[in-house]
Number of protein chains: 2
Amino acid sequence: MAPTTRASVLLVDDHALMRTGVANIINQEADLQVVAEAGNGVEALEAYDRHHPDVTLLDLRMPVMEGVEVVRRLRERDPRARVIVLTTYDTDDEISRALKAGAKAYVLKDISADDLVTCIRDVLAGKSYLAPAAAAKLAEGVTRVQLTPRELASLRLMADGKSNKEIANELGISDRTVKTHLGHLFEKLGVTSRTEAVKVATRRGLVRLA
Amino acid sequence: MAPTTRASVLLVDDHALMRTGVANIINQEADLQVVAEAGNGVEALEAYDRHHPDVTLLDLRMPVMEGVEVVRRLRERDPRARVIVLTTYDTDDEISRALKAGAKAYVLKDISADDLVTCIRDVLAGKSYLAPAAAAKLAEGVTRVQLTPRELASLRLMADGKSNKEIANELGISDRTVKTHLGHLFEKLGVTSRTEAVKVATRRGLVRLA
DNA sequence: GCCGATCTACGACTTTTGGCCGAGGCGGTG
DNA sequence: CACCGCCTCGGCCAAAAGTCGTAGATCGGC
């Protein structure tokens with residue numbers, strides 16, 4: 001039982017309670033050890049540079065810097081960085097973006113402590129892991145919408161309650177053009193009105209209200 | 001160090017990970033002990049009946065039964081039930097409804113483990129506790145909107161992407177009347193369009209998208 | 001250099017939405 | 001009873017939104 005070297009874990013979550021809870025679970029394992037915690041993306045990058053952990057547990061949906069962006073930057077500065085996304089939400093957009101950014105695993109917070117530990121060991125062993133729910137969402141997301149930059153920008157402003165004219169002003173284009181973009185957007189989302197579009201876009205993780 | 005009687009705690013959260021994390025924290029305290037866990041509202045009521053815990057830690061936003069409803073039912077069957085709401089969200093609507101339903105405390109999951117334990121002891125001692133952020137939201141909510149049943153129903157359907165005509169059909173009234181309800185709603189929310197209304201209503205916790 | 005995607009924009013049109021009135025019915029309260 | 005809040009509905013009108021088709025400009029890839 002001589003712990004030669006425990007694998008080092010970096011914990012990133014904006015909820016202190018979740019951090020200490022998960023830290024407790026992990027530190028109970030003889031082969032794992034939490035070496036640092038971070039409450040947002042910027043802190044996460046700093047902590048990574050200081051400790052170069054073997055694996056990083058990362059919540060998406062954080063203040064200061066978005067989770068997917070953190071994944072990207074971590075992998076930029078260290079292509080071997082192993083990132084496990086641990087979050088509550090499972091929109092197809094977030095899942096696929098996180099995986100594309102280089103996350104090795106995507107698990108939901110309703111996972112059991114045992115399964116989480118197993119997942120960490122799997123990732124340390126070079127495997128990857130997808131939560132069943134996440135896999136299902138991805139599968140249905142074969143029909144994943146590919147929005148153009150303008151469509152996405154229009155969508156975001158629209159979801160913020162802006163009128164076509166206001167959107168046009170902010171984007172520096174004509175309101176006719178906004179109509180064109182939104183028309184294309186509606187077609188891609190399979191809807192016929194803005195409120196419906198906001199609903200579907202929210203469900204898919206394309207926008208975040210509140 | 002003879003633990004005369006440790007206060008019993010019931011843990012309700014739909015995330016297994018959060019449950020075991022918090023359970024670890026609580027069980028490390030000599031005067032506290034988790035006696036049961038539940039993953040949704042119905043389980044929570046069953047567990048309460050079996051164990052009659054001294055205090056219940058409850059997440060809002062759960063499947064099967066809404067958290068506020070759980071608070072209400074717990075207090076119904078035992079007016080002395082001490083419920084601490086432990087959640088991630090802090091919309092003024094949820095906070096005030098939870099407190100009105102009889103919750104003794106409202107804390108957010110970004111609380112530290114120490115503060116959570118303190119909060120539990122406070123509640124056991126008969127005190128109550130409001131997270132600063134929650135208190136602030138409540139304060140600004142002096143202007144809390146009071147929607148009529150019809151206004152709320154129209155709002156919900158509208159947020160679901162329905163047109164006035166569709167809302168009218170579902171409610172069995174004229175679309176003119178729907179316009180009236182929505183007009184009043186807009187005035188109360190301080191907006192002039194449906195998408196804006198959806199945004200504000202979501203922020204206030206009046207509706208839940210996704 | 002051609003093709004496809006994207007962004008831009010217009011006309012013309014229909015439908016929907018939102019604002020501004022008034023008005024009757026109904027149920028509870030002072 | 002009179003008042004008030006809520007629900008109901010109507011007309012009218014202006015503005016916004018959504019649908020159709022068309023079309024020039026740009027950019028990147030084959």
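In which helix of chain A does A:Lys179 lie? The structure is a predicted model, in which local features need pLDDT of at least 70, side-chain atom pairs count only at pLDDT 80 or more, and totals for chains, interfaces and linings use all residues. Residues are numbered from 1 along each chain as its sequence is written, while chains are lettered from A and ligands numbered from 1 in the order in which they are written.

A:Lys179 belongs to helix H9 (residues 175–189) of chain A, where helices are DSSP runs of H or I with at least four residues, numbered from the N terminus. With 14 other C-beta atoms within 10 Å, A:Lys179 is partly exposed, a class that falls between buried (20 or more such atoms, with C-beta placed from the backbone) and exposed (12 or fewer). Its C-alpha atom is separated by 9.3 Å from that of A:Ser154, 25 residues apart along the chain.

DNA strand D is surrounded by 20 residues, the closest being A:Asn164, B:Thr148, B:Arg150, B:Ile173 and B:Ser174.

In chain B, helix H1 (residues 16–27) has 12 residues and reaches 16 Å from its first C-alpha to its last, close to the 16 Å expected, which is 1.5 Å times one less than its number of residues. Nine of the 12 residues of H1(B) are buried, leaving the helix mostly covered, and among the buried residues are B:Leu17, B:Met18 and B:Ile26.

How values were computed: Helix = DSSP H or I, 4+ residues; strand = E, 2+ residues; numbered from the N terminus. Near = placed C-beta within 6 Å.
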